[in-house]
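Please keep the sequence and the structure at hand while reading.

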Amino acid sequence: ISKMEISVKEQLLHILENLGEVELKHFHWYLQNATKGDFPSIKKCHLENADRLKTVDLMVQTYTTDHVIEVARTTLKNMNKGKFKKRCENSLVHTVSVTLYLSSANYLYITEGGTAEVNDEHEVRQIETASRKPDRPETTIRQEDIFKASPGRDKPIRTVLTMGVSGIGKTVLTQKFTLDWAEDKVNQDIHFMFPFTFRELNLLKKKKFSLVELVHHFFTETKEAGIFDDFQVVFIFDGLDECRLPLNFQKTETVTDVTQSASVDVLLTNLIRGILLPSAHVWITTRPAAAYQIPSNCVERVTEVRGFTDTQKEEYFRKRFTDEEQTSRIISHIKTSRSLYIMCHIPVFCWITATVLEDMLKTREGGQIPVTLTEMYIHFLVVQAKVKNVKYDGGADMDPHWSPESRTMVELLGKLAFEQLQKSDLIFYESDLAECDTDIRAASVCSGVFTQIFKEERGLYQDKVFCFVHLSIQEFLAALHVHLTFISSCALQSPNGHLDLFLRFLVGLSLQTNQRLLQGLWTQKRSSSQTNQETVQYIKKKIRKDLSAEKSINLFHCLNELNDCSLVEEIQQSLSSGSLSTDKLSPAQVYNSVTICPCVVLSFRYSLNDSELPCFYINCINTANLLITSLHHVCLFKAVCFCTFFSRLSICNLSEKSCEALSSLLSSEAPRLRELDLSNNNLQDSGVKLLFVGLQSPHCTLEIIRLVFRIF
């Protein structure tokens, strides 16, 4: 026997010794049922009852010395695929809306030049913004092509960062990617794929591993260090926004050897930076607010999951309901409320909406269908209470659905939702529940009863992880908790927008009609119509102050949750008549009245329905004393561009710097403006040239522009 053959046998034995008894049986099965063309199979009678030494001898006899190690690794790869196929199939079966989503989850939107910058806007606002056509060109990419090189690039992409709001389908997308690979449909050049979730990695915060050991910890059938040699490997890290590891890309220990031990956060930072295993591909998914944690120089491609298109929304409802007339009625209703229609970009929200409307159309034919988010989520909670009452308590459909036990569970979930929302936590471990005095057993019971609201997952070693089905459900229950307990909340003072939807729900719950829907959940007398009017006046007062556009828009949504449109109508009337007066206002108030209010009102109005303002007039506004930045110009001009016919900005002391912002908007796909009057402004020749760039764009809808100049 040659020395080379002895060395090969030792390598094979090392591979097999790292396999457990069940895994060895699987290894034998793959050798017996080798895919035609991969390598010759070994007869079952030869492998039956074969131990590791016998298996080594059989493999060396059957395959040449040059190829036997390759056969072993190919077998491990197939075992790896089989495990992932089973895991993905099990996960996808329990994923909300998955049947339809898998048929439409093949595309990602790539924003050319996109960056993983900090985004403090609430995700609902991001969805509302994204629902309008983009200002810059975008292309789509199939999920199986995620690592393929862009045109003009020689090397494949190494690191991809995929962003998307909660419930948009990021996890489903990575599972579909893995499943398609495991079923030999795509990406067969990839030998091993290792999907991790941050919620599982968090549990290893205080432990040390080498990269090889970390892979073995989660994927036991790969217990062989050579899997990284000359193989294409993909690491998937799902849910960066759930990461509790201290990722530090500036000051961290350098690790270059896959067998070198370090803390999990150090391994991840070195792997993402390309210092550790530079040949590997890395795919990270995250909500936008957490994307900033990965430095831009570590990411070669930034993508975004946009969820359902308008066509796919309708397709979802038509597949969910068999009655065509009922389906058409549902789709028609959702379209009349643009805020609900926009939210249906999120597959989970489509499921929530369908759950509510299915119940309402069954039990209250002809009743009023929800038109606000608060109404929709109240009905969703009521439906879940009914399910619990009938399915678990043995009650009837017509029985009162708020039993003492149900009320206790809602109170527990509301308290947990609020306390974790304040900390921006979406997943909760047993230690988190202990910190907020929540009984772990009670939480487990809730997850087993209110299965469509709260769920319990188990990690690799049976560590419990809890979470709400969707962030918006957590926000609604948090608002319900505050409303029920009368505790104070500082949502309006939040430095970012992460409490915006919570605030909408909190305001909406004060409406008497909504409280009647929850009758039986509480016994104390709630707010009156007088209290609601006080709330309306308070919100109006806040809007008229110098708030950012984002905060103002959210306050308009709060007014909508109270079914109050008086301020919107008042400002729209002033805009349409040209009577918006700024004569006695301070510079800050002028800015708010002239830029924020029109932009906010028009943005808000468009978010509720697809109507447009025909005309927009601002005359003789002296902006010379205002600290107008390019951002302020964009805000003003967005209001202008929402109009469908005519906008007048004459004698407004607009200058060259105004033209750059206006030119950019005119060249985007959003505006519908036909006529624009910029007469008697100090635009200069350079400003006019900038305007000309925007006018040349194929997206520009302007037919007439007035540029009558006066001598300055």
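## Terms and basis

A residue is called buried when its relative accessible area is under 20%, exposed when over 50%, and partly exposed in between (1.4 Å probe, protein chains only). The model is predicted, so that local features need pLDDT of at least 70 and side-chain atom pairs count only at pLDDT 80 or more, while totals for chains, interfaces and linings use all residues. Residues are numbered from 1 along each chain as its sequence is written, and side-chain values use heavy atoms, with hydrogens and water left out.

## Cysteines

A search of the whole structure finds zero disulfides, a disulfide being a pair of cysteine sulfur atoms within 2.5 Å. Cys 298 is buried at 11% relative accessible area, and Cys 558 is likewise buried, at 0%.

## Salt bridges

The whole structure holds 17 salt bridges, each defined as a side-chain nitrogen of Lys or Arg within 4 Å of a carboxyl oxygen of Asp or Glu. In one of them, the closest N and O atoms of Arg 199 and Glu 242 are 2.6 Å apart. This pair links distant parts of the chain, with Arg 199 in helix 9 (residues 198–201) and Glu 242 in the loop between strand 6 (233–238) and strand 7 (262–263); helices (H or I, at least four residues) and strands (E, at least two) are DSSP runs, numbered from the N terminus. Arg 199 is buried at 14%, and Glu 242 is buried at 14%.

Glu 419 and Lys 415 also form a salt bridge, at 3.3 Å from N to O, and both lie in helix 17 (residues 404–422), four residues apart. Glu 419 is partly exposed at 26%, as is Lys 415 at 27%.
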